[in-house]
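Here is a colleague's note to read alongside the model. Please keep the structure open and look up each residue as it is named.

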Amino acid sequence: PHRAVRWSLNFIDTITHPKAQALISPQFPISGHRFPFPPKMNSMLRSARTLATTASRSSVLRRGYSSESVPDRKVAILGAAGGIGQPLSLLMKLNPLVSNLALYDIANTPGVAADVSHINTRSEVTGYFGDDQLGKALEGADVVIIPAGVPRKPGMTRDDLFNINAGIVKGLCLAIAKYCPHALVNMISNPVNSTVPIAAEVFKKAGTYDEKRLFGVTTLDVVRAKTFYAGKAKVPVAGVNVPVVGGHAGVTILPLFSQATPNANVSEEEIVALTKRTQDGGTEVVEAKAGKGSATLSMAYAGALFADACLKGLNGVPDVVECTFVQSNVTDLPFFASKVTK
């Protein structure tokens, strides 16, 4: 085990070293990424290295009493067998900050859990399905991620989604209020502009509402804005930052390209086009998939990024800042997406 840990440390050090770029042919990028890694991937690699270092010390000392040990954290994913839930489950299994991963859905979760559980990372994985197992999935959860609900299909508006997903979200939030009332709740189920207020009302009625623990995940809007801006400005996407405020539907999505970094010579017409594409990003994917799916993979990636930020915040990591849809006094609206820190 000690040799395996040392190998992991050496591997992480090697791939994150600046000279690693020279060792990799530009014709053969790993997983489509060219070095250096995006900042958030570097952050996850640093988390992995911290965990490996702790394991190494424990192996040498034969005891697990290191003051730098990573806290145990349970993450529950509700809707884990769906189009977003499955890749999200995979990404959270890869996160070294997760010690217990609970996967829940109305059906098919045991298979997803069995598949993901074979991955040789820290967290233990358990699958739950059906109403009678929801409580067990939630008990002791530090972070609950909700991608449950029906996906968006061609011709569907977010109002159409609301009529179906509102009831699903209400039932899940009732269970959260009962079994893990202090968990951070990451709402992915659309329409986020509506499902977050619904969740807030459920928690208020249950007497468990804490505005600092309920988040609408708008990270995909930020991810898209960064990607589109980098392409137009011809700058490395790894160093791009674009705040996105407002909501998570159509024209309510407001990417602030005027505040984008690094500053680039992008015309007003190009900013208008970038804004429109960011707002219509979901529709772009739905149409490209010809009615056979929605933005599942990119949403899973964005959801994993936001969950990672929540875990870091719980663990006391400083300066964790993300844009998210929360109860707010920034405007006259009761809920608004803006920068939030732990």
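At what angle do helix α8 and helix α11 pack, and how far apart are their axes?

1. How to read this note. This is a predicted model, in which local features need pLDDT of at least 70 and side-chain atom pairs count only at pLDDT 80 or more, while totals for chains, interfaces and linings use all residues. Residues are numbered from 1 along each chain as its sequence is written, and side-chain values use heavy atoms, with hydrogens and water left out.

2. The chain as a whole. The protein chain has 11 helices and 10 strands, where helices (H or I, at least four residues) and strands (E, at least two) are DSSP runs numbered from the N terminus. Of its 342 residues, 46% count as buried; buried means under 20% relative accessible area, exposed means over 50%, and partly exposed lies in between (1.4 Å probe, protein chains only). Among contacts between residues at least 6 apart in sequence, 68% join residues at least 24 apart, a contact being heavy atoms within 4.5 Å.

3. Helices α8 and α11. Two packed helices are described by the angle between their axes and the distance between the axes. To answer the opening question, helix α8 (residues 219-233) and helix α11 (residues 297-314) pack at an angle of about 110°, with their axes 8 Å apart. The axes are lines fitted to C-alpha atoms, for helices over the stretch in contact, and angles run from 0 to 180 degrees between N-to-C directions. The angle makes α8 roughly perpendicular to α11, since angles of 65 to 115 degrees count as roughly perpendicular, those under 35 as roughly parallel, those over 145 as roughly antiparallel and the rest as oblique. The crossing of α8 and α11 is right-handed, a term used if the near helix is turned clockwise from the far one by less than a right angle, with anticlockwise giving left-handed.

4. The residues between them. From α8, the contact with α11 is made by Thr219, Leu220, Val223 and Arg224, and from α11 by Ser298, Met299, Tyr301, Ala302, Leu305 and Phe306. These residues divide into seven nonpolar, two polar and one charged, where Ala, Val, Leu, Ile, Met, Phe, Trp, Tyr, Cys and Pro count as nonpolar, Asp, Glu, Lys and Arg as charged, and the others, Gly among them, as polar.

5. Helices α8 and α9. Helix α8 also packs with α9, at an angle of about 145° and with the axes 9 Å apart, and this crossing is right-handed. Here Asp221, Arg224, Ala225, Phe228, Tyr229 and Lys232 in α8 meet Glu270, Leu274, Arg277 and Thr278 in α9. By class, the contact of α8 with α9 has four nonpolar, one polar and five charged residues.

6. Salt bridges. How many salt bridges does a search of the whole structure find? The search finds seven, a salt bridge being a side-chain nitrogen of Lys or Arg within 4 Å of a carboxyl oxygen of Asp or Glu. One of them joins Asp142 and Arg73, with the closest N and O atoms 3.4 Å apart. This pair links distant parts of the chain, 69 residues apart, with Asp142 in the loop between α5 (134-138) and β4 (143-146) and Arg73 in the loop between α2 (39-61) and β1 (74-78). Arg73 counts as buried, at 15% relative accessibility. Another salt bridge is formed by Lys276 and Asp280, whose closest N and O atoms are 3.2 Å apart, and Asp280 is partly exposed at 27%.

7. Backbone details to check. The peptide bond from Asn190 to Pro191 is cis, with omega near 0°, and Pro191 is in the loop between β5 (184-187) and α7 (192-206). A cis peptide bond also joins Thr261 and Pro262, and Pro262 is found in the loop between β8 and α9 (268-279). Lys234, in the loop between α8 and β7, has a phi near 55°, a positive value in a residue other than glycine, and counts as exposed at 73% relative accessibility. Ala290, in the loop between α10 (281-288) and α11, likewise has a positive phi, near 55°, and counts as exposed at 60%.
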